[in-house]
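Trainee: Could you take me through this structure, step by step?
Mentor: Gladly. Have it open while we talk.
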Amino acid sequence: MSAKPIALTVVLFCLAAAGWAQKPESQPGYVPIDELGLFPRDKLEVEINIGPPLLRMIAAGTKQDDPGFSAVMDGLKSIQVQVFPVKGVDTGAVKTKIDRAVHWLEGHGWQSTVKVRDQGQETYVYLKMTGDRIEGLTLLSLDPKDEAVVINIVGRIDPAELGRLGQSLHVPQLKNVPTGKKKPE
Amino acid sequence: MNRPHDALPCEEALDLLEPYLDADLPPGEMDRVRRHLEACSACAAELSLAARIQRELRALPQPDCPPEVIERVRRAGRGEVVPFPARERAPRWRIAAAAALVALAVGGGALGVHIQHVRQQQEQVAQATREARLALAYFGKVTRKAGLDVRDEVLEKRLVVPVARSVSRSLGTADDAEPRKEL
Amino acid sequence: MLTAFEDTAQRYRRRVYSFARYLLSSREEAEDVTQEVLLRLWRHRQGVDEERLGSWLLRVTRNACYDLLRKRRSESAAGLAPGFDDEAEEEVASAEPDPQSRAEATDFRRRLLVALAEIGEPYKSVVILREVQGLPHREIGETLGIPEVTVRVHLHRGRKRLRELMKEDVPHE
């Protein structure tokens, strides 16, 4: 595996730092995964950070060709993903960080939905609810033979649709993963 | 005093906000809407939004066309043959168009969007779309690895449940043959 | 003759051009349409009723814009998507006193323009002519060939549609 991290963060609009009342950070379903410091950023294999304006553009641009995907994007306010390859890494330290993140989530009113642990692999899925509405979804996982993943999705979430779409897509081989320009937030 | 038979449902009030703002309703209707807004903070908030939208629209600039356009028309009027300027007719993605429109409104008529810049934006959106799909693919990969059918887990059983009852193997892959232990 | 025409062209150029800009969201296409419209005015100058000149020009502008949009739609596969010019970031609503308000105001305006580009006809033309250009209802009716009462209905529905598209901006208490 290439040691070079592939940063895929795209934030198209350079908004003023404290600018905007509806920014994702103010949404209940948002998790500041950067601040949680789960993984070293310079060693990430994948880093995705997409905010509301870009999500709207994605929804509009895919409406004709992929209406299901477009509809999911349309309801979202933020997608954050970090993937950290853990081969050759002390997974104990990673596990500690994930446990800390789990505690953070539980301390901030997130509801545990799924906890699976098997042969060292751990997966947690948490939901942020407002009444009956799901406002955020966070997934944390560690596969000591492969990678650690954190995903935070904010917005109007239909987990069924998310799951269906996600499981119909495939993570490409490393060499095919597109690289992108990382724009400062 | 509110009379029950006079009460306006929210759905109707929301339909009347714009004419209410323009004072374009008969006096009786204006009163009904006003009373509703006094009692309903959600509709009152919508009215604030409607008012802001109107203010912003009215504040949008009216740009002037560049003088060379008039010059070309003038020359045509004098009988000269004046072709339209050669444009780089790249595919006109509306993303480019709306970018120009935003440049117009935020910066007045002075700003334009160069084709090159527009193409960069097109590429950025295409890139972001790929990344959004990648994000979902990772979600699918992890949940599949964990032997989870997200629909069952998340929608219907929002509590941690023993593996025997909760874990659905419907979307498991070959390497999911090992039984999972749930905490 | 040319002088009189030039006067007319000068008087109406801004109205024609800005209408085309908001309909097309493209500076270059708006320039082309403006040139075309003013050329048509020159060619038909004898036949146009001077009292109705303004509405005639806007009607011709609108038709030219929609001809272009139809042509564009057949060439392009992309759906409508908002864009943003990074340069425009500098040109923010300067009335706002602090950076936070300015950024928020800029973002609101940006999203409003995207929404305006999304609402269909006949609402879009009416909203532009009334709210952006400030034309009276009567003149809008003449331009679009509809009764004044219909202009008001379209205007309210168009702004309501904008409000629905801007819904996340409803202020919370």
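What follows is a set of questions and answers on a predicted model.

Trainee: Among contacts in chain B between residues at least 6 apart in sequence, what percentage join residues at least 24 apart?
Mentor: A contact here is a pair of C-beta atoms within 7 Å. Take those contacts of chain B that join residues at least 6 apart in sequence. The part that joins residues at least 24 apart is 47%.

Trainee: At what angle do H1(B) and H2(B) pack?
Mentor: Two packed helices are described by the angle between their axes and the distance between the axes. For H1(B) and H2(B), the axes are 10 Å apart. H1(B) passes H2(B) in a left-handed crossing. The packing angle is about 120°.

Trainee: Which residues of H2(B) does H1(B) meet?
Mentor: H1(B) brings B:Ala13, B:Leu16 and B:Tyr20 to the contact. By class, the contact of H1(B) with H2(B) has five nonpolar, one polar and one charged residues. On the H2(B) side stand B:Glu29, B:Met30, B:Val33 and B:His36.

Trainee: Is B:Ala23 buried or exposed?
Mentor: B:Ala23 sits in the loop between H1 (10–21) and H2 (27–39) of chain B. Its phi is near 55°, a positive value in a residue other than glycine. B:Ala23 has 8 other C-beta atoms within 10 Å, and the cut-off for this class is 12 or fewer. So B:Ala23 is exposed.

Trainee: And C:Ser25: buried or exposed?
Mentor: C:Ser25 is not a glycine, yet it has a positive phi of about 60°. Its place is the loop between H1 (2–24) and H2 (27–43) of chain C. Inside 10 Å, C:Ser25 has 30 C-beta neighbours, so it counts as buried.

Trainee: Which residues of chain B does C:Arg14 touch?
Mentor: C:Arg14 lies in helix H1 of chain C. With 16 other C-beta atoms within 10 Å, C:Arg14 is partly exposed. C:Thr34 is 20 residues away in sequence and 9.2 Å away in space, C-alpha to C-alpha. Leaving out residues up to four places away in sequence, C:Arg14 touches B:Gln62 and B:Asp64.

Trainee: Which peptide bond is cis in the loop that holds C:Pro122?
Mentor: C:Pro122 is placed in the loop between H4 (99–118) and H5 of chain C. Omega is near 5°. The cis bond runs from C:Glu121 to C:Pro122.

Trainee: How is H5(C) oriented to H7(C)?
Mentor: H5 (residues 123–132) and H7 (residues 148–165) of chain C have axes that come within 8 Å and cross at roughly 95°. Angles of 65 to 115 degrees fall in one class. That makes H5(C) and H7(C) roughly perpendicular.

Trainee: What classes of residue make up the contact of H5(C) with H7(C)?
Mentor: From H5(C), the residues include C:Tyr123, C:Val126 and C:Arg130. From H7(C), they include C:Val151, C:His154 and C:Arg161. The make-up is five nonpolar, two polar and five charged residues.

Trainee: Now chain A. How many residues of H2(A) are buried?
Mentor: H2(A) spans residues 52–62 and is mostly covered. Among the buried residues are A:Pro52, A:Leu55, A:Ile58 and A:Thr62. The count is ten of eleven.

Trainee: Over how many bridges does S4(A) pair with S5(A)?
Mentor: The two strands run in the antiparallel sense. A:Glu122 has A:Leu142 in S5(A) as its bridge partner. In their hairpin, with two residues between the strands, A:Gly131 takes a positive phi near 65°. The pairing of S4(A) with S5(A) covers nine bridges.

Trainee: Which residue of S6(A) is the bridge partner of A:Leu140?
Mentor: S5(A) and S6(A) pair in the antiparallel sense over seven bridges. Their hairpin has four residues between the strands. Eight of the ten residues of S5(A) are buried, so S5(A) is largely enclosed by the rest of the structure. The partner of A:Leu140 is A:Val150.

How values were computed:
Residues numbered from 1 in each chain as written. Chains lettered and ligands numbered in written order. Predicted model: local features only at pLDDT ≥ 70, side-chain atom pairs only at ≥ 80, totals over all residues. Contact = placed C-beta atoms within 7 Å. Axes fitted to C-alpha atoms, helices over the stretch in contact; angles between N-to-C directions. Parallel < 35°, antiparallel > 145°, perpendicular 65-115°, else oblique. Nonpolar A, V, L, I, M, F, W, Y, C, P; charged D, E, K, R; others polar. Buried ≥ 20, exposed ≤ 12 C-beta atoms within 10 Å, placed from the backbone. Left-handed = near helix turned anticlockwise from the far one by under 90°. Pairing = 2+ DSSP bridges.
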